[in-house]
Amino acid sequence: MVVTTQQLIQWKQQGRSIVALTAWDYAIAQLLDAAGVDLILVGDSMAVVLGYETTLPITLDEMLYHAKSVRRGVKRALVVVDLPFLTYQESLQQAMHSAGRVLKETGAQAVKLEGGYPAMVETIARLVQAGIPVMGHVGLTPQSVHQIGLRQQGKTQQTADRILNEAIALEQAGVFAIVLEHIPVDLAMQISQKLSIPTIGIGAGPHCDGQVLVTSDVLGLAEKQPPFAKVYTNLRETISKAVQDYAMEVRERKFP
Ligand SMILES: Nc1nc(=O)c2c([nH]1)NC[C@@H]1CN(c3ccc(C(=O)N[C@@H](CCC(=O)O)C(=O)O)cc3)CN21
Ligand SMILES: CC(C)C(=O)C(=O)O
Ligand SMILES: [Mg+2]
């Protein structure tokens with residue numbers, strides 16, 4: 001059984017929590033898919049494994065290259081690809097071209113883009129009308145880091161209302177799911193109750209319809225993680241130790 005966008009909506013209705021993680025290459029994607037992850041996001045947060053400070057420098061060509069590799073490793077999960085900074089904001093034509101390249105060239109089933117009402121609603125509606133499934137992303141939107149920083153969003157009544165209204169507008173525009181990033185637990189709960197489409201939280205508490213984390217954070221590959229990430233294993237330590245042992249054995253002529 002492969003995961004579809006309709007399946008995600010059905011899981012929300014059934015109260016089954018959706019499991020999502022990011023991937024950037026074949027090997028990682030294959031492991032996540034085999035472990036039963038429902039949604040694999042080729043996130044622009046792969047900036048961390050490419051050595052960029054923010055997500056802003058990532059290009060559409062870099063996303064396509066990594067998305068193709070991820071897609072080859074996935075049999076079951078729904079594959080969603082982030083549209084990177086300034087590959088969809090310029091015009092509807094630019095968004096259509098970028099999203100079209102993702103579906104045509106990578107075999108991924110959907111795109112995700114950041115932003116809500118009014119900026120992105122018309123664009124999303126037109127992409128959806130063209131047959132492109134779109135995932136929304138509100139709250140902390142890291143492509144706006146130089147405007148809003150990396151702080152939690154929606155802390156005041158006014159900003160919380162704005163985020164709720166953005167989420168409602170995105171659902172009306174036709175997104176099949178929406179990422180809620182780094183917003184208060186109660187706001188995420190309110191949005192999740194109000195919408196018929198699933199909310200996928202990151203730093204948004206336990207009341208979302210699913211959760212997503214950045215896989216390099218979960219695996220302890222990143223040098224530092226956001227406060228809301230959970231590090232399930234420390235691969236930095238494991239890899240360092242293995243490489244040091246190998247180097248020592250080669251120098252002491254113990255290996256081979
Ligand atoms: N490895 C990684 N994991 C992520 O979850 C992630 C990325 N990279 N890159 C894109 C965005 C950026 N993210 C982040 C990164 C840092 C904070 C963070 O440290 N927030 C602090 C405040 C920091 C500040 O004000 O400068 C906080 O307490 O909220 C939050 C989200 C989430 N996303
Ligand atoms: C954290 C998720 C939602 C994301 O946008 C990314 O990994 O780029
Ligand atoms: Mg992203």
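1. Helices and strands are DSSP runs, numbered from the N terminus, with at least four residues (H or I) for a helix and at least two (E) for a strand. On that basis, Asp 44 lies in the loop that links β2 (39–42) to α3 (47–50). The model under discussion is a predicted one.

2. The unreviewed UniProt entry lists Asp 44, Asp 82 and Glu 114 under "binding site". These positions are spread over 71 residues of sequence, yet they cluster in space, the largest C-alpha distance being 10.9 Å.

3. Ligand 1 is surrounded by 18 residues, of which Ser 45, Pro 142, Leu 150, Val 214 and Pro 226 are the closest. The shell of ligand 1 divides into nine nonpolar, seven polar and two charged residues.

4. Two packed helices are described by the angle between their axes and the distance between the axes. Here the axes of α8 (residues 157–173) and α9 (residues 185–194) come within 10 Å and cross at roughly 25°. Angles under 35 degrees count as roughly parallel, and α8 and α9 are therefore roughly parallel to each other. The crossing of α8 past α9 is right-handed. On the α8 side the contact is made by Ala 160, Ile 163, Leu 164, Ala 167 and Ile 168, and on the α9 side by Leu 187, Gln 190, Ile 191 and Lys 194. By class, this contact of α8 with α9 has seven nonpolar residues, one polar and one charged.

5. Most residues other than glycine have a negative phi, and most peptide bonds are trans. His 182 has a positive phi of about 50° although it is not a glycine; this residue is found in the loop between β6 (177–181) and α9. The peptide bond from Phe 255 to Pro 256 is cis, its omega being near 0°, and Pro 256 belongs to the segment after α11 (235–251).

How values were computed:
Residues are numbered from 1 along each chain as its sequence is written. Chains are lettered from A and ligands numbered from 1 in the order in which they are written. This is a predicted model: local features need pLDDT of at least 70, side-chain atom pairs count only at pLDDT 80 or more; totals for chains, interfaces and linings use all residues. Axes are lines fitted to C-alpha atoms, for helices over the stretch in contact, and angles run from 0 to 180 degrees between N-to-C directions. Angles under 35 degrees count as roughly parallel, over 145 as roughly antiparallel, 65 to 115 as roughly perpendicular and the rest as oblique. A crossing is left-handed if the near helix is turned anticlockwise from the far one by less than a right angle, and right-handed if clockwise. Two residues are in contact if their C-beta atoms, placed from the backbone, lie within 7 Å. Ala, Val, Leu, Ile, Met, Phe, Trp, Tyr, Cys and Pro count as nonpolar, Asp, Glu, Lys and Arg as charged, and the others, Gly among them, as polar. UniProt positions are given in the numbering used here, feature names are shortened, and annotations may be inferred rather than shown by experiment. A residue is near a molecule or strand if its C-beta atom, placed from the backbone, lies within 6 Å of it.
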